[in-house]
Each structure stands twice: as structure tokens, then as C-alpha cells.
Amino acid sequence: MKRQHKLTIAAISIIIALTLVAPTQVLAAYVGNTEISSKGAVVMDFDTGLVLYSYNENTQRVPASTLKILAAYVIYDAVSAGEISFSTTTRISKGASELSKNREYSNVPLAEGASYRISQLMEVVLVSSACAATLAMGEALSGSEKAFIERMKNKAAKLGVDTRLYDCWGGSPNNRISSLGMATLARGLITEHPEVLNITSKRTVTFDGITYNSSNLLLGQYAGVDGLKTGYTDPAGYCLISTAKQKGRRIIAVTMGSTLSSRYPDTRALLDYGFSAADKIIAEYNGKYLANPSSANLILNGETTPLSAYLINDSHYFKLRDIAFLLSGTDVRFQVLWSSVDNSVNLMGGMDYTPEGGELSLPFEGARPYDLTQSSLYFNGVEYEFEAYFIDDYNYFRLRDLGDLISFGVDWENETHTVIINT
């Protein structure tokens, strides 16, 4: 049976209370009890990818220079693939040189025809947010900014992140990405290329004999912060993708459309909330959305059979087809038919069922996400309502519910952790 919908981390984002402040004002965002000015925000647990807090997380916004993490991501991928190396030297184009002289944007001077290593450019891109240096890296890899932008779009798309990009360095007011998209890109970049944190954690960088300060003023001011990227333009407002690690847990916090005075307080509030709430939220998620493989044995008419069972909310759930196979040849045998037309499960009593290959599902280690099934269950043409789940594209039902429906006995031996079926 093909699964009709997938459980996604984004789908179970936990949104904290919103307060309507006045008829002519917009909703105010709160992280716990702290009001923030962010127009879009996300707090994500790095290890699990679970969204711990979100506000307008799917709204597309102007990213400004936070877009540079996507440009860096593409360069890191290319280095890993052997297309380019950090020691590769590139000559500065006329376009990159002219952009570097634009005082409207953060930059370091790049003389036309001068040569720099990719490693040098990457440092000033990620530490001091050098716009023209981002363009120079893109041209070095792809030959043109247009071609580099396409690679950036493709990279984001592979991660399920929707983008609208008109430059590679974040100056265009037409660039768009969501705060959840930014958090996803940040997590992917750190996961695939953790060495990027060796650069983003620097508070200064020296380029052509001149020392430049990091644009991320949270470095050294919040415990565990080691990245990741700032951004500002008038259309974007003040943005920050931040990450910090404390006591073994890494949190990613994104704020978009904040203000000059609140960008860092907003980020502090987001990180504080992430570290304080992560354990509880993750535990709740695991209890509600993960099925744990059962340690129970199953005995049918005195014969022990290992099966892929799950313990969900203190009840055992088994793959419907496995139970049908086990009961073949007994007085309570039944056939399982699946209708893709109306997404229904049909059980026919008195008929044997043999699964493809004639094999049962063996237990395995590790929890699996599950969804409540949208299937209808019929037994001999009569519809019944039971709580069932999709796990790995199969229907799992509570064994006692099946016993009540098909008339077989189910017992439990606590000392031996054994499920007993009597027909």
C-alpha cells in the first residue's frame, strides 16, 4: 500500500501564542513570554531537525545577506566534489570589482584583475559579509553569476526549500526565501560541511592586510554561538541566522524582518527558548509521532513468532498483513485486499492470505515516524472504525482491536513480555 501522506518536521511545527494588540495592528509574536519584533522566525533543533518554535515560518521574505549561506553551501559542495578547491586562485572580474566599490553594501575592496584564493574570499563572505567576494566565488565556480544562481536554486530545491533568486549575494529586493527555508539550509550546511563553523565563529578576519570585524555581534556575547550569518537591507529589515551549542545540543535560530534594536534581543530569546524547551518538545514529539519497536514476543497457539510490532501509547500494533498470514489455516483466517480507488482496507473472513514472498516482517531497531491512517476498514463488507497507523507504507492495527473484530483472544504476560493469540 502506498502511503498517501508523509509526516514532515515542518508539519508538526510548534507555534507559540500570538496576541492581537489592536484592530489596526498586526499580530505580535511571542517566544514563551517574550515579545519579538521578527516578521518571520524559526527555532530548530539541529540533531533532529525538529522545529521547536515558528512564526510566519513559510512566508517568503527578502533574505538580504543571509542568502550568502546558500552561496557558501554550493561552493562547499563543489569543493567536496572536486570541482574546485579552497586553494584555487581566481581573478577578479570587472563586475565584481565594481560591486566591491558600492558603499551601499558590505564589501572589501577587490581590484579588477587581482587574484585571490577561494579560501580568502570565503572568509570575508562569511565573516564580514563581503558581497562582491560572493560574486567572485560564484564566477570562479560557474563562469557567471547567472549560472551560479541556478546552482543555488537547484541546491535549495533538493532540500525542499523554495526560492526566488535574482543575485547570489543578497542585494536584490526581489530575492525570496522563508525563515523555515533558511533554517533548513543552515542545518544542511552545518551537517554536510561542519568545518564552515571554523570560519563563522571568527570575530575578525584579515584580508589584504586589513582586519575586518565579524558582522555577527552575538559572537562572544552568547554562550556557544559559533555562527552563522547576518543580513540587512531596507526591504529585508534586520535578519540573523544564528547557531549555538550548549551541553551537547545545537540550536538554530532564524529571525527575519527584525529591527536594528531588536535583532539580537530577538535572537537571544529564540535561542533561550530553544535550549530551555528542546528536551520537553522532543520528548513529546517522540511520544506522539514515533512508534517504538516492541520487545514483545508473539505466541500463536503455542508457537513463538518474531514480528515487527510497535508500542504506541502503551498498546501493541502489528502489520495487518502479518496477522493475516499468521492466522492462515486457522478458524479465524482472513484475506486482506487493498483498494487504491477509495483508499480502503477490506478483510474477508474464512479466506487464507499469503503475502508476497511468504515472509513476515522481522523486528528492527530504531523508531519510525507514523501517521494516523486515512484508510477505511471493512470486514465482510461492514465498515469499522479503528485507530490505525501508516508505518513504512503499511497499515498497523492494535492487536486487541483485531481480536475483537475477528474473534480471537489476546493475552499479555508481563513477566516475559509476551503477546499471546489464542484461536
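User: Hi! What order do the strands of the open sheet of four have?
Analyst: The order is 17-16-29-28, with mixed pairing. Strands here are DSSP E runs of at least two residues, numbered from the N terminus, and two strands pair if DSSP finds at least two bridges between them. This is a predicted model, where local features need pLDDT of at least 70, side-chain atom pairs count only at pLDDT 80 or more, and totals for chains, interfaces and linings use all residues. Residues are numbered from 1 along each chain as its sequence is written, and side-chain values use heavy atoms, leaving out hydrogens and water.

User: Which strands stand at the edges?
Analyst: Strand 17 (303–305) and strand 28 (409–413) do. Each has a single partner strand, so one side of each is left without a neighbour in the sheet.

User: And in which sense do strand 16 and strand 29 pair?
Analyst: Strand 16 (residues 297–300) and strand 29 (residues 418–422) pair in the parallel sense, over four bridges. L298 stands opposite V419 in strand 29.

User: New topic: is T163 buried or exposed?
Analyst: T163 counts as buried because its relative accessibility is 13%. Buried means under 20% relative accessible area, exposed over 50% and partly exposed in between, using a 1.4 Å probe and protein chains only.

User: What is T163 in contact with?
Analyst: Leaving aside neighbours within four places in sequence, T163 is in contact with Q60, K153, A156, R176 and I177. Contact means heavy atoms within 4.5 Å.

User: Where does T163 lie?
Analyst: T163 is in the loop between helix 5 (145–158) and strand 9 (177–178). Helices are DSSP H or I runs of at least four residues.
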